[in-house]
Amino acid sequence: MASSTSALTSALLSGSIVISGLGSGTDFNEVIDQLVEIESINMNRLEKWKSTWEEKITVITALNTRMLALEEAAGAMDTEKEFLSRAATSSNTSVVTATATSSASTGASTVTVGQNVKHIVSTAGCADADTTAYGGSGGTLILESNGVSYNVAIDAADTLNDIVDKINAVTGENIVASIENDGTSSNQYHLVLTSGTGGDAGRITATQNPTALSLGGKDMVVSDTSSWGGASIGLTGMFTGDKSVASVYGYTFTVASSSNPSTIGADSFELNWTASAGGGSGTITVPADYTPGDSIEVEKGVFIQLGEGSVSDGESFSVNAYANDIDDAELGTWSGPAISTEGNYQGSVSKTFSFEVISAGNLQAGGGGDTIVMRWTDSLGNTGTVSLSDADQSYEVDQGFTIKLDAGTVTHGDDFQVNVFAPDKQQGQDTGLAQNCKLIHEGFSDTTITPVTDSDATFTYTYGGETTSVAVEAGTVLADLVDKINNDENNPGVEASIVNDGLGLPNSYRLVLTGTNTGAQYQISSVEHDFTGSNFSSGGDAGGGFSTSQLATNSMIQVDGFPTGDVFLQRTSNTVTDVITGVSLALVDGGTSRVTVSVDASAVADKIEAFINAVNYVQDYIRSNTKYDAEGDETGVLIGNYAFQIAKSQIDSLLNSSIPGLTDGEDAYTLLQQIGITSNPDDEGRWIIDEDILEDALADNPEAVAKLFINDTTTGSSGVAKQMYDLMDTQTNDETGICSVLISNYEGIVKNIDKKIDSEEARLELYRQRQVEKFARLEATLSTLSNTQTALESAIAELPSSSGD
């Protein structure tokens, strides 16, 4: 007995009482669980009560979500531009198709996509038209267009006016020369040449130009062949000479041969060259195995090509190379030190760079001062920054254009502009569609066997005014060269591919370079390589063995007769979105179409239907959660809830009322019912639309229908969409909205219930512990009694029997 009592005491102290039932044969744990369950009636009531409030919170949260959806639907149609959806149609979809946004105005425009667009060439800016001489060295200016050459005699002292008069006297209407003033403060005069023949055939080319005016995109041209024999001369590459050295570099090439005459491609001879600017000079050895037409590198991006024929000692020709395509700075608000514009612009379209100082300070010669940071944006939307830390240094901006500042203090926010020029002001095009550039190589023997070079070399091309070089290892085959170009991490957007021309010739495999962007700014302007030991040619008008198959061009359009005459609006894409407000034009082919913008009644009806559906989305939910069911099976969770009833009544009142600011008898409509929007009493008051009535109203007077919904700032009326947006904005406010307030209150109730549940759980745990202790004692007592009974029974069994046995 003492032992049992000691064990119980130890278990109570340790808090780990175990009732085995071995002493009584009864499972007291089950009895205790049943007693606790009976005692938990209040806990169960609290849990059920909490669940009810949590369900209410869930329902109110869902209502708030539905009201937010109604707010969004209303906000998407509460202004005239948003409500009155527009549709654009084209009278000739083979020329242009059109789509309209809500910002488009109704009306019609005539859109012309260019056909036989005339080529317009414009030089860089000149200081004046009638004083400064721009005749250069003087000589013969040779212009070609539509297969005809025109020789114009130029004197070194000729002004712009003189040059214009001389060109027009020779070319007549076939090439029309004029002078354009661009309105800037310096170098505002430009020589402009316009072809008389439109399309590709009418493109103007200056095959010889002695003037100081660049007329070609390569910035170099043969200037004099009067002392040269009959062999043709070609130029490839892109001149990179710096403007800070000279505006025009003159190159003279003179034959020095061991045999006289020498046949090009059969005899070896030397070609000495000198440059009038920069002090350049050198000797080119033309080998006996030279392939006529291949490119020979000189310097600064200049490559010459000699055609078939013979040359003799002393024969010479001259080349002009131009670095005058970057104008002086237009100072704007600039108050800092002098600005020098330098470099040589490599881009293919004219544009304006605008600069603004974003990090000011003091710039010093030799460094040691502050770093000046300027943000630039060009007229095509490109942007970047340039950082200057040394007044003795020039810093590249973009596409070969560099800039330099004298020492001095630079002020934050100061700005200036720089104009850069490319000769093709408007390209001659058969059809005014934007297209990408494509170059095709002269051809190679195979794709996977013959190396394109026997020694390590580089393959270089210029795309969009940016030059990229690709390392090509010895033994690289044509297919591998394609992969190297395409997988180059610095590839700016040129795709290489191979085309088999199917002729079965030794040069049937053609390497093709295609620009992935449309627009005239994305020319592949030059290609060069230093491959050795193969027949991978280096001729072609683009250099490197490549000829231009397709120029990158802008799209060309006129809208409602603007611009006039031969000039077109130019865009880099065939999708034009910024000419007619709110209308996107997809250009298909040359020609003229009438683009009409009108109200899209079907789209408007869809918006109204979406709005009414959003109303019913809210109203149906309110009805389902506040309804009364006599049997109680489907009674709404929030039956009688004032917030739900207020929300429903406000929405119904708003849709049933006249529109504030509209007057019956003056305005065509003042009520939604007048356009077929009513509540249906046979369907619990759900809102419905009579589609026939609405369709007639939209066809008759869409603007009047719009006034029923929109916020009209002109008349001061506030339609149901605007009112509904404001109402829902108030009711869904995170702090003061009806749902937010109720949720906050109900969450407070749930917290209080949680406190009661916590208290009840503690009470039940104490109750359980007390029951455990009681039954543990009972178990111990029963165990003792059981042991006593066993002992007595054993003792009795040991007593002698009455028989005396």
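Q: Which strands each supply at least two residues of the lining of the second largest pocket?
A: In this predicted model, they are strand 4, strand 21 (351-359), strand 28 (415-420), strand 29 (424-426) and strand 39 (569-571). The largest share, three residues, comes from strand 29.

Q: And how much space lies in that second largest pocket?
A: The second largest pocket holds about 710 Å³ of space. Its lining has 29 residues, and the closest to its centre are Val349, Ser350, Lys351, Lys425 and Gln570.

Q: How does that lining divide by class?
A: The lining of the second largest pocket has nine nonpolar, 14 polar and six charged residues.

Q: What about the largest pocket, how much space is there?
A: About 1200 Å³ of space lies in the largest pocket. Of the 49 residues that line it, Thr205, Gly216, Gly217, Lys218 and Asp541 are the closest to the centre.

Q: Which strand gives the most to that lining?
A: Strand 9 does, with four residues of the lining of the largest pocket.

Q: Changing topic: is Gly199 buried or exposed?
A: Gly199 is buried, because its relative accessible area is 0%. Gly199 sits in the loop between strand 8 (189-198) and strand 9 (205-208).

Q: What does Gly199 touch, leaving out residues up to four places away in sequence?
A: Gly199 touches Asn116, Val117, Gly428, Gln429 and Asp430. The C-alpha atoms of Gly199 and Gln429 are separated by 4.1 Å, although these residues are 230 residues apart along the chain.

Q: Finally, how many cavities of 30 Å³ or more does a search of the whole structure find?
A: The search finds one. The largest cavity has a volume of about 60 Å³, and its lining residues include Ser122, Asp219 and Phe421.

Definitions and conventions:
Residues are numbered from 1 along each chain as its sequence is written. This is a predicted model: local features need pLDDT of at least 70, side-chain atom pairs count only at pLDDT 80 or more; totals for chains, interfaces and linings use all residues. Side-chain values use heavy atoms; hydrogens and water are left out. On a 1 Å grid over the protein atoms alone, a cavity is a set of points where a 1.4 Å probe fits but cannot get out, and a pocket is an open set with protein on both sides within 12 Å along at least five of seven lines; lining residues have an atom within 4 Å of a point. Grid points are joined across faces, edges and corners, and a volume is the space filled by probe spheres set on the points. Buried means under 20% relative accessible area, exposed over 50%, partly exposed in between (1.4 Å probe, protein chains only). Contact means heavy atoms within 4.5 Å. Ala, Val, Leu, Ile, Met, Phe, Trp, Tyr, Cys and Pro count as nonpolar, Asp, Glu, Lys and Arg as charged, and the others, Gly among them, as polar.
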